[in-house]
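Hi everyone, thanks for coming. Let me put the structure up on the screen, and then we can walk through it together.

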Protein chains: 2
Amino acid sequence: MTEHALQDPPTQVRPTLRVGVLGAGTVGTQVIRLLLEQADDFAARSGARLEITGVAVRDLAAPRDPAVPRELLTDDATAVATGNDLVIELIGGIEPARSLILAALSAGASVITGNKALIAAHGPELYAAAAAAGSDFYYEAAVAGAIPVVYALRESMAGDRVTSVLGIVNGTTNYILDEMSTKGLSFEAALATAQELGYAEADPTADVDGLDAAAKAAILASLAFHTRVGIDDVQVEGIRDVTAEDIREARASGCEIKLLAIAQRREDDHASGISVRVHPALVPVEHPLASVHGAFNAVLIEAEAAGPLMFYGQGAGGAPTASAVLSDVVAAASHRVDGGQAPRESFYADLPVLGPEAAVTRYQIQLRVDDQPGSLAAVAGVVADNGVSIDSVRQSAYVGANDAIVTIVTHPAAVFHLEGAVAGLRALERVDDVVSVRRVEGL
Amino acid sequence: MTEHALQDPPTQVRPTLRVGVLGAGTVGTQVIRLLLEQADDFAARSGARLEITGVAVRDLAAPRDPAVPRELLTDDATAVATGNDLVIELIGGIEPARSLILAALSAGASVITGNKALIAAHGPELYAAAAAAGSDFYYEAAVAGAIPVVYALRESMAGDRVTSVLGIVNGTTNYILDEMSTKGLSFEAALATAQELGYAEADPTADVDGLDAAAKAAILASLAFHTRVGIDDVQVEGIRDVTAEDIREARASGCEIKLLAIAQRREDDHASGISVRVHPALVPVEHPLASVHGAFNAVLIEAEAAGPLMFYGQGAGGAPTASAVLSDVVAAASHRVDGGQAPRESFYADLPVLGPEAAVTRYQIQLRVDDQPGSLAAVAGVVADNGVSIDSVRQSAYVGANDAIVTIVTHPAAVFHLEGAVAGLRALERVDDVVSVRRVEGL
């Protein structure tokens, strides 16, 4: 033995864990590349050598990134799911992903997935299967790409009470709204651009109709409120009906329009439970969410003790999503080596999921009124009489000979109060028209 | 048994864990309040009833917030440290905190602390004691209050390679710089205001000289780079020398001055290792760090796969810091119930900590030059000849008859290149004066 060897630390004998990957798309390719390139780092951090034993793909002959060794490819997904210590599911969709994950868990594997649709539809079943098998079930990559928001809600907020979660969690719609805002494009034109650039699918439904964001909202709400929330509990409105004119008017009043995933706890005289929804809303330009552009995501968590917390980062893409997947892989591997387990499903609070009428938000109401003394006061009076408190009123533009536009921004108001106020405004003689009623978040 | 009782889930028998609290200051008071008020939530989340058995304080007779039950108070800190399953240390400073934590760990307790100074000075000793005892050692509250950045670096980045961490982690200096910027105050006047309002201590050294931020920088760097970094490894410059004039000029060039904690990995032709430092720097107003005000903190992490991630929230205060402490309490309690352990110290990468000469940053150089044709080109030529690449040059103001001010912003440059460039500029005949050389981050 040389002197040099004597000074070295003893070579650590690490166990080897078998890793199977289901799917070799954009994210899978990056996961495989990083696991192979940084094998020593992963061994040092997790305590085990991570050996990829198989990568299940549908089409063995399809062209592949050279980062994926061809000899690892197989079309036997069941063998990959059931023959490994850790199984990474990156196929997406409900089936066969669900059956493969259940097979992996019952074969004793820990499962890491980024499959938001599956979790929002079958989360409790998957959690239960993991608990029954004594395995880990992880899904950091399911929401907001590289941003560790699942971790934050599941563990960092475990000592606090979350009151609301507000997020931009869909990059495709965020890109489309950005294009509409900066270039004045129509929704259709911006969607076409997004499709050309590969940011939107040929069938853009999941993104533009808010379904992808709704799955993420369900996951965020479940974690934030220790309550089972499925995708069917989420009130969803996408961005198809947002017009270039809407965005111009939003900007004129100092706002951007963003598609928000919202999970809110209510505990007041009128309602007790949670409201979970996805819809476009005005966001004041000074608010940090207004400057989240393109494929970036941001999630704002409010908790009783912590106050506001914001997390910002890349919400999609191969490498950023792979980073999230791999943090889960290290955690699951560490548990195999040192004991311990992933957090189990937490739904002890079991709060009622409230209907659309329980949403409490601010509103911007635009009216066309007779431009005569007292109009503004009359309008404000009607709003207040209906139990809606006013943040600001301004008479912003003159249209025609005797008309003015009045823009009211309210404090947070319940739907039925708002509806009462709008009905009251319509009934006012000096109100010619209620031009628009829009939700405002982030004030 | 009534029908109603039959429908209830069976009462779960949970173990009880004994919790001791060392210190009942601002944070300790909130920790105690929340543990008592939300006992059922903590039981559901951690799997154990958490029973506070004692709160060690120096002065039993001192006035206390009513949230702290007087019957829990004791002046026997050693008994609290050694007689519990979980010990929460919130005394601060090196001793007796260090001895009490070591006593708690060797008595088999898991320890949760927010003591940045202690960790930056004695982290490895505390980690080793926890490992030897098979106990957990947690310190989320040591950096950036409610923001779960310790968690993020220790666990969420475990599958990625961090390249840099940039943070505003000291609320006192951030408040002082804000006051100087918005009100044009001198450092001394802004400090006096901060002291009057209780935002700065009577002896403000730890904050204004950057020592508090340096302890946090050492912790962030250790976690980010899997390398032991102590407070003595950090190059520190505080904000005492920042003048109202500096801030006016920063604003004139579209920047704010912020005190930054920086941990940077270098792996290039000139250096291999990490640079860890605290100093004031210009930050362009569009950069998210520029709009972090008052007691808020923000940490920007760059990683190879994830790209940029930003975390933002309250960096201090009783309740926000308590939120961080309590997330650690839940994690440590869960481990007692279900097995598993906190991450151990990770220093396998053992990267060299580089000296001040290894800092790579952008610079803003302001020169007073002769206002004649070719000055700008000559100046730019000297900078480029010294290996410093230029981002922008502008001739911004005329002073005196034949003089102009030229402002150069460089691309990231090594210290010795920058020094060469500045020496070259001083030697240029048409340069009358090098007015200022300032670091710029976040471009």
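Let's begin with one residue. Ser436(A) is buried, because its relative accessible area is 10%, and buried means under 20%. Please keep in mind that this is a predicted model. If you want to find Ser436(A) on the screen, look for strand β17 of chain A, which covers residues 431-440. What does Ser436(A) touch, leaving out residues up to four places away in sequence? The answer is Gln364(A), Ile365(A) and Gln366(A). There is also a polar contact of 3.0 Å between the side chains of Ser436(A) and Arg438(A).

Now let's step back to the domains of chain A. The domain assignment gives domain 1 as 3-147 + 321-338, domain 2 as 151-315 and domain 3 as 359-440.

How far apart are the C-alpha centres of domain 1 and domain 2 of chain A? They lie 29 Å apart. Where these two domains of chain A meet, 16 residues of domain 1 are in contact with 21 residues of domain 2. Together domain 1 and domain 2 of chain A bury about 1,400 Å², and carbon and sulfur atoms give 66% of that area. On the domain 1 side, the residues that lose the most area to domain 2 are Ala120(A), Val143(A) and Ile147(A), together 37% of what that side buries.

What about charges and polar groups here? Between domain 1 and domain 2 of chain A the rule finds 0 salt bridges, while the count of residue pairs in polar contact is 5. On the domain 1 side, the elements of chain A that give two or more residues are α6 (116-133) and β6 (137-138). Helix α6(A) gives the largest share, 6 residues. By type, the residues on that side of domain 1 of chain A divide into 13 nonpolar, 1 polar and 2 charged.

Next, let's look at how the two chains meet. Here 41 residues of chain A are in contact with 41 residues of chain B. The area buried between chain A and chain B is about 3,600 Å², with 53% of it on carbon and sulfur atoms. How many salt bridges are there between chain A and chain B? The count is 2. One of them joins Asp41(A) to Arg161(B), with the closest N and O atoms 2.9 Å apart. Between chain A and chain B, 20 residue pairs are in polar contact.

Which elements of chain A give two or more residues to the side that touches chain B? They are α3 (39-46), α7 (149-156), β12 (307-314) and α13 (318-338). The largest share of that side of chain A, 8 residues, comes from β12(A). The residues on the side of chain A that touches chain B divide into 22 nonpolar, 12 polar and 7 charged.

Let's move to chain B and zoom in again. Arg228(B) sits in the loop between α11 (211-225) and β8 (235-236). Is Arg228(B) buried, partly exposed or exposed? Arg228(B) counts as partly exposed, because its relative accessibility is 41%. Its side chain makes a polar contact of 2.8 Å with the side chain of Glu345(B). Leaving out residues up to four places away in sequence, Arg228(B) touches several residues, among them Pro124(B), Asp233(B) and Phe347(B). Arg228(B) and Ala252(B) are 24 residues apart along the chain, and their C-alpha atoms are separated by 40 Å.

Last, some backbone details. Most residues other than glycine have a negative phi, and most peptide bonds are trans. With that in mind, look at His226(B), which has a positive phi of about 50 degrees although it is not a glycine. His226(B) is in the loop between α11 and β8 of chain B, and it is buried, with a relative accessible area of 9%. Asp350(B) also has a positive phi, about 45 degrees, but Asp350(B) counts as exposed at 57% relative accessibility.

And the peptide bonds? The one from Glu95(A) to Pro96(A) is cis, with omega near 5 degrees. In chain B, the bond from Glu95(B) to Pro96(B) is cis too, with omega near 10 degrees. Pro96(A) is found in the loop between β4 (86-89) and α5 (97-106) of chain A.

Notes: Residues numbered from 1 in each chain as written. Chains lettered and ligands numbered in written order. Predicted model: local features only at pLDDT ≥ 70, side-chain atom pairs only at ≥ 80, totals over all residues. Heavy atoms only, no water. Domains from an automatic or database assignment. Contact = heavy atoms within 4.5 Å. Buried area = accessible area lost by both parts, 1.4 Å probe. Salt bridge = Lys/Arg side-chain N within 4 Å of Asp/Glu carboxyl O. Polar contact = N/O pair within 3.5 Å; in protein donor to acceptor, adjacent residues only side chain to side chain. Helix = DSSP H or I, 4+ residues; strand = E, 2+ residues; numbered from the N terminus. Nonpolar A, V, L, I, M, F, W, Y, C, P; charged D, E, K, R; others polar. Buried < 20%, exposed > 50% of the residue type's maximum accessible area, 1.4 Å probe, protein only.
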